Every structure is written in C-alpha cells, then in structure tokens.
Number of protein chains: 2
Amino acid sequence: MTNPPGSDPLAGAGRPTLRMLAERTGLHMSTVSRALRREPASDPTAELVHRAAAELGYRPDPLAASLRSGKTGAIGMVAHSLTDIAQAMIYEEVDHYVVERGYDVLVASTRDDPGAQRKRVELLLSRRVDGLLIGDAHRDGDYVDWVASLGVPYVLVMRGAEGHPSVTCDDELAGRMVADHLVECGHTRVALLAGPDWSAASHGRAVGFRTRLAELGAPLDDDLVESGGLHAATGRAAMERLLARRRDFTGAFCASDFVAFGATSALAAAGLRLGDDVALVGFNDLQAATSLDLTSVRSPQEEMGRVAAEMLMGAIEGVPAVSRTLAPQLIVRGSTGGPAASALAADVAGAGA
Amino acid sequence: MTNPPGSDPLAGAGRPTLRMLAERTGLHMSTVSRALRREPASDPTAELVHRAAAELGYRPDPLAASLRSGKTGAIGMVAHSLTDIAQAMIYEEVDHYVVERGYDVLVASTRDDPGAQRKRVELLLSRRVDGLLIGDAHRDGDYVDWVASLGVPYVLVMRGAEGHPSVTCDDELAGRMVADHLVECGHTRVALLAGPDWSAASHGRAVGFRTRLAELGAPLDDDLVESGGLHAATGRAAMERLLARRRDFTGAFCASDFVAFGATSALAAAGLRLGDDVALVGFNDLQAATSLDLTSVRSPQEEMGRVAAEMLMGAIEGVPAVSRTLAPQLIVRGSTGGPAASALAADVAGAGA
DNA sequence: TGGCCATACGCAATCGGTTGCGCCGCGGGT
DNA sequence: ACCCGCGGCGCAACCGATTGCGTATGGCCA
C-alpha cells in the first residue's frame, strides 16, 4: 500500500519500542518507562523523553505492560444481548465513560445462556480484564455467585441479585407506578405480560405491579398473567394466548417495549384498538414507543451505565462498591389515554442520538 | 498503590502456568506448549499433558502468547453506534461466528465522529487485533483509506466504499424496489427522508430510489427531499419540515425504520393517517416495524455479519477479500396498503430472539 | 544390519514493558 | 562539618507463553 508521509509515521517500519526510545535518548529503558508516567513538564528528563516519544510516534504496547503488571486497563462487560437496546445504551455509556479515563471495554454477549455466560466470562478473564460488569445476571444466584467467587471486582448492572453490588432501576417502584397509573385511568381488571422470571428486573416489575394492585383493591388475576421472553415475538404470542382465554381486561403492563410492540400486533389482529379498547404500558421508553404512542416507563439506562462504570472503576482501585438504585419515570402517552403523541414526542425521540 | 500481600487474591497464588504444567509432567515447557496444540488422543505425551492441564485447570494466557507470537486471536469491530439495532445485529452475528472458531471480538463505537474513529481504531490496534471490521465507513474515503494504509486486514460491513473490500446490502437495488412498490401502489408524488449522505448505505438507497422513480416517469421532486440523521428525532423533524412546506405527497421512503418511527409521529400530529393518507416505507425491518404495520426493506444483517466475519478471517489467513453484495427483501405491510399486520407479523417478529 | 529421515524433545532467546533493589549525588538539619 | 534522607537512575529479573535450533530416537527401507 502507498504510505503518504504525514498520515502515519509508524506504518510499515517496525513499531517503536521502549528500547528504541532508550537508545535515542541515551537513557535506560527503565528510566524511560518511568519518565513517560510523569508529566512532560515536570522535569527535564521527562520532557526529553516525551519529546522523543512524540517524534518517534511511540505507542506503548498494552499487552507487554499487562503481562508484567497484571493490570490490563480493560474492563469486561457481559450483556445478554446487544440487540436489546437497553443493553446497548448501557454499553455505549460505559464505553464512553471508561475510554475517557484511559480504560477500554471488552464486551461479550451470552443470550442468557448459562453455558455461554461462564464461557464468556472465562474468556474475558483470560484476557485479564481488571473488572467485570455483569448485565445478564439471573436471580438464581449460581452464575453471579460464581462470578463473585473469582475474586475479580465486579458490578451488576440493570439486573441485580441479592448480596451483590449492583446498579439497577427501582423496578419494583416502577411496577407500582404503572399499577397506580392504570388504576387512576379507571382500569380495574388488568393483565400482566411478564418477562422472564429469572431476571431480577422483570421479576421486580411484576412484584411491584402485583403488590400495588392488591393494595389498591384491584388484585391481579393469575389467569391474566402471561410470562415469556423479552422480544416482540414472545409478546405477540403471550397476548394471543391471553386473548384466546379472556377478553375482559382493559389494560396490560408489558415487561418491555418489545413485548408491548408484539402485543400491539396481536391486539390489532384481534380488532382491538390500542388505548381505546385496551390500555397498554411498556417498559424502557425506546424511540419507537413514541411513534406507537405507547405509555412506557423510562429507566435511566445511560445513568445506570455511567454509575456502574464509575463504581466498577472505584472497586478496581479498592473502594468497596455499594449498590445503588435509580428512579424510574413514567411517560404517559396515548396508549393509556394520555396526551396525544404530538405533545410529548419532541423531547423524547432523541434517545440514542 | 501499595501492594500488600492480600491484594493479589487468586491470580498470583493460583493461576496455573505452563511452567507448572511442565514440572508436573516432568517435561519441558516447550514440549508442553507443543503438546497442547496437538489432539489429546494423537500421542501419549499429548494425552499426558492434556490430562494434567485438565487436572490443574490450566488456561493459556492469551496476553503472553500474543506478545511473543504477534497474533492475538482477536478481531476489532468498529461500529458507529450499537444502539442502532442493525449494527447490534451485525455485531451479535460476528461475535458468535468468530467465538465459535476460537477468536474473540473487541468492539468500539464512534458515533460517526471522525476523531473518535481514528482514536478507537488506534486503540484496537494497540491491543493488536489481527483484523478490523469497519461498520462506520464514510463515503469520503479519508478514514477508510487511512485504515487501509495501516496494513492490517480489514473488511467494511454495511457501509461500503470504493476500492475497499466490503460486505453490504444492495442498497441501490433496495431503493429501486421501494420506488417500484410505491409507484405500483399508485403513488406518483412521493417524498424521501434520506439518511446522512456520507453513509454509502443511505446514499445508495437514495440514488436507487431516485433513479428508478425517474425511469418510471414519476421523478423525485427535490423539494420533497429531506436529509438528516438516522434517529427517530431527526425523522420526526424532517417530516415536520416537509409537512410545513408541502402536503401534496402521498408516499415517502425513510432511510431507516427509526426515521420512519419519527415520521409516523409527525404524521399523527398533523392528523394524517399512516397508510391511508400517506404511505410510508422504512428500512431494516426492525421488530417494531411489525407493530407499526410499517412496510420496510429487510436487509440481511445477520448474513452480512457472518459473511464479513468469514471474509475477514480469510483475509487474516491470506485469502484476498473480495467484496460481496447481498440481496434486500421488501416486506409489505399496512403502511403501504399491504396486508394487515396480523397476516405477516408472526414470522417476522422473532428477529433478535 | 546399516543408513537415513522424520519426529519428539530440550535449551534458550525473545516479545516489550514493569519493578525491586542498590548506587550515587545533592540538599538540609543540627 | 557530618550525617541522613530522598529522588533520579541503571541493572537485571520477570510476566507467560512461542519458536528457531540442535540433538536424540524410533521407524523404515534397502
């Protein structure tokens, strides 16, 4: 390939090493190594070394450094799926947070498969990440307990687990808020399209929802509960099963917006109008929720990502991690008879921009 | 940091090394190293070594191996944004493809910012990835040419660029298909909500659309073209601008489903009904498209990911990469007067499950 | 039975930094 | 004037594998 002079000082030719820097400056490697860690201006030697480094286009090799020091400057994030926008948003935020601080992120996705979870964590560990962000925790503690037993700093994000440091949304509160809202809108017989029960997030939402409904005197009928996955397909299937069984509910809470999207299709196919015949509430407040005019709970994914990253980096440096719970926010739209999409859409649609 | 005895929990004490394996088997490190690369059953020594490795729970250290060998067994993927589901789908597929083959993926996201692009590529390179998958190429060749000049195997995915190996969808064909469809549905005055012009994908879609419309005798009116980003917010804004200017179009092609979602909100706010007053076509066929009953073009993201990964791994092993273009598929739904959502939803909603 | 080749194995250098240790010189305290 | 402390620096070991080279060995064929 052609190699224009200004564009890449170090292509082709051997990449500059510490040894070369040492020769060029007449100092010893170790001196150079140490000088590079100082501020350029702190000291004549430091300045000399930094200047030489700049001239040669020296870039330290993190591999070699990690091998000796045991620190890699990288954290691992394991997600259940990055096609789940909520996880992707968390990842993006984590990425930007840590990269700004000179760290790096290695991701892995497990599809919530226990075998893959362990395998991917081991892979990350073999790459010697300094800490782990776990986004695919299951409520049965096996996986998470195992992670904890590895002796590597870790923080759970989005899905918590008893006795482990985590950054989560207050899912139970969110469930209660939805119950409040639906009942306030006059719905006394409502359904629940729950997510997988092994997700603490889904579980928490369901528990809060159920508990609050009971408190409000409109207890959830077990016959109106369907549980499944987090995708549109499972949401649609769940709503179809429900409709085949009962048609006397006037509202439903879906474990995620994707589930709500699927449910919407099923409602449409059954000739029921969203918001008029059946009120629907989703979860995550994705961009598309605005377009569907879907009431949804916004959980602060960006903030979760940032806080979790911050907490993990603290843990790596020895600060004990203490769990945090962030506040959800109900965004009311037309699917529960709220204001029309037009009124709210503008300030909402920018997520992920 | 101080370095008290306990601060290096399991790492220093426990992690089995090649040397330990050597001592335990009475063989030399180099012999052990080589025996591990053989099949366990191929040879008594190999079996002995493998057994010992299993007993000690030996896991090779990729850092050390890479340092010496120059190969990391990792590829880098740079995405413009993982909250874009299309990119996330590609990533997921790449991840599974290469992990199955003993490789690993390091991702980075750049938000399409030129500064970030170079920085992140350099970061990946400093981690010594064996090859690069570029998902955020821009049409002006600067960035991609620079990547090519680095001398590292690379493949562009989703967004191509002249003279560089890539795996893309036939975006121009897709644009033509949409034009055909809209005209067939009787729309002769249609609008275009284009994506960023520096994306070859967006550009190609627009070109194909425009060209085919002209061929069909219904040329695109420049006054009916809006361009912007790929998000719901920009889609909504674009449609609002358009509606403020003109109301005489009966159909529109959106550069992505997200843009279409935003456009839908704007239409609703203007009191126009999707499919009845204005026909809309999106791009990517995301899960939510089904629920919105949105006609969309499905581009084969999974296949793109797989093919690109395959091609890159080939390139790493010396097989020259030759660009491939995959076929798009139009999914007709209610937003262009197609069959109701109910008819098609079932087999479509499972994407990403 | 002798010679030759393929193979298995040991030895030691190597990848590119980091870090404990010891030396040296300089400045300050008494 | 003396001694101590401290900071900068060089030396060399080290992290955990891979790999070129030299030697011993076993199988095969003549």
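I began with DNA strand C and sorted the residues of the surface near it: 10 are nonpolar, nine polar and five charged. My classes: Ala, Val, Leu, Ile, Met, Phe, Trp, Tyr, Cys and Pro count as nonpolar, Asp, Glu, Lys and Arg as charged, and the others, Gly among them, as polar. "Near" means that a residue's C-beta atom, placed from the backbone, lies within 6 Å of the strand.

I noted that this is a predicted model, where local features need pLDDT of at least 70, side-chain atom pairs count only at pLDDT 80 or more, and totals for chains, interfaces and linings use all residues. Residues are numbered from 1 along each chain as its sequence is written, while chains are lettered from A and ligands numbered from 1 in the order in which they are written.

Next I turned to DNA strand D. It has 24 residues around it, and S30(A), T31(A), R68(A), T17(B) and S30(B) come nearest. Two or more residues each come from α2 (29-37) and α4 (62-69) of chain A, and from α3 (29-37) and α5 (62-69) of chain B. The largest share, five residues, belongs to α5(B). I counted the classes here too: 10 nonpolar, eight polar and six charged.

Conventions:
Helix = DSSP H or I, 4+ residues; strand = E, 2+ residues; numbered from the N terminus.
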